[in-house]
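Biologist: I would like to learn how to read a model like this one, feature by feature. Where do we start?

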Amino acid sequence: MKALHIAASGMMAQELNVEVISNNIANMRTTGFKRQRADFQDLLYENLRRPGASTSDTGTIVPTGIEIGGGVKTAATPRVMSQGNIIMTEKELDVAIRGEGFFRVRLPDGRTAYSRDGSFERDALGQLVTVDGYVIEPGITIPDDARGIAINSEGLIQAFVSTDTDPVDLGTIDLVRFVNPAGLESMGDNLYLETPSSGPEQVGTPGLDGYGMLQQGYLEQANVNPVSEISDLIAAQRAYEMNSRVITAADEMMSSTASIR
């Protein structure tokens, strides 16, 4: 009986849906996290009677056909790149992006990754790095004797160095954006990688030409809505239970048919 396989595909789809939702909930407090959703598609159909099939020599056709679906499959788990809430941290090297864009991060193997996590630190050489020690492009070094570090909305970093009475420009934090940011590959550690689906990076200045502005002393929270996630979780659970009941009903029907024979 096909109903067993169809309902089983529904249960597997909802199991994956719950996994996606649980990952969203688990990352509610992850800086710059972008939630995912599960998209589904129906499987191939068996056409027992095709729509438009001829029913006589005079050219009459059937207005509708008989199609039996094969179930459901997971099509994609895209990320929703909406803005998360901005919270104050009062830490001078924390930077939030308000709007579109990603920070560029240089990985140890030379590749470039992208992140919305602006919780930056200084390493032993004074370079601006992520919490994992990865350098923030284009590579900005803050002197040991720098004080009063300021980062404006366009990414310019200034500080008073040594006994200088005027602030010194230390560099500018660039932002990048993509034609399809949902096509970026997630690699963990709040980092993404460019893919053919995302398109090439487009480097720009924060606050200009549609790029987001930077806010010093703030961080972007995850864009996860707890109420929506719990609601989606309940809906997924109900769908799983209904598919389970279909399997039970199909099994009982098969048992009844076997006993009659």
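This is a predicted model: local features need pLDDT of at least 70, side-chain atom pairs count only at pLDDT 80 or more; totals for chains, interfaces and linings use all residues.

Biologist: How do strands of a sheet pair?

Modeller: The general idea is backbone hydrogen bonds, with strands either parallel or antiparallel. In this model, β13 (residues 156-161) pairs with β14 over four bridges, in the antiparallel sense. Take alanine 159: its bridge partner in β14 is valine 168.

Biologist: How many bridges join β16 to β17?

Modeller: Three, between residues 185-188 and residues 191-193, and the two strands run antiparallel. Serine 186 stands opposite tyrosine 192 in β17.

Biologist: What is the phi of aspartate 189 in that hairpin?

Modeller: Positive, near 60°. The hairpin has two residues between its strands.

Biologist: Next, pockets. What does a rolling probe show?

Modeller: A probe the size of a water molecule, rolled over the atoms, shows where empty space is left. In this model, the largest pocket has a volume of about 150 Å³. Its lining has 15 residues. Phe33, Arg79, Asn190, Leu191 and Tyr192 lie nearest the centre. β16 and β17 are the elements that give two or more residues to the lining.

Biologist: What is the lining like by class?

Modeller: Eight residues are polar, four are charged and three are nonpolar.

Biologist: Now single residues. Is serine 198 buried or exposed?

Modeller: The cut-off for buried is under 20% relative accessible area. Serine 198 has 1%, so it is buried. Serine 198 lies in the loop between β17 and β18 (202-204).

Biologist: Which residues does serine 198 touch?

Modeller: Phe178, Val179, Asn180, Gly183 and Leu184, not counting residues up to four places away in sequence. For a distance, take tyrosine 45. From serine 198 it is 153 residues apart in sequence and 32 Å apart in space, C-alpha to C-alpha.

Biologist: And glutamine 127: buried or exposed?

Modeller: Buried, because its relative accessible area is 19% and the cut-off is under 20%. Glutamine 127 sits in the loop between β9 (121-122) and β10 (128-129). Leaving aside neighbours within four places in sequence, glutamine 127 contacts Glu121, Arg122, Val135, Ile140 and Thr141.

Note on methods
Residues are numbered from 1 along each chain as its sequence is written. Side-chain values use heavy atoms; hydrogens and water are left out. Buried means under 20% relative accessible area, exposed over 50%, partly exposed in between (1.4 Å probe, protein chains only). Contact means heavy atoms within 4.5 Å. Two strands pair if DSSP finds at least two bridges between them. On a 1 Å grid over the protein atoms alone, a cavity is a set of points where a 1.4 Å probe fits but cannot get out, and a pocket is an open set with protein on both sides within 12 Å along at least five of seven lines; lining residues have an atom within 4 Å of a point. Grid points are joined across faces, edges and corners, and a volume is the space filled by probe spheres set on the points. Ala, Val, Leu, Ile, Met, Phe, Trp, Tyr, Cys and Pro count as nonpolar, Asp, Glu, Lys and Arg as charged, and the others, Gly among them, as polar.
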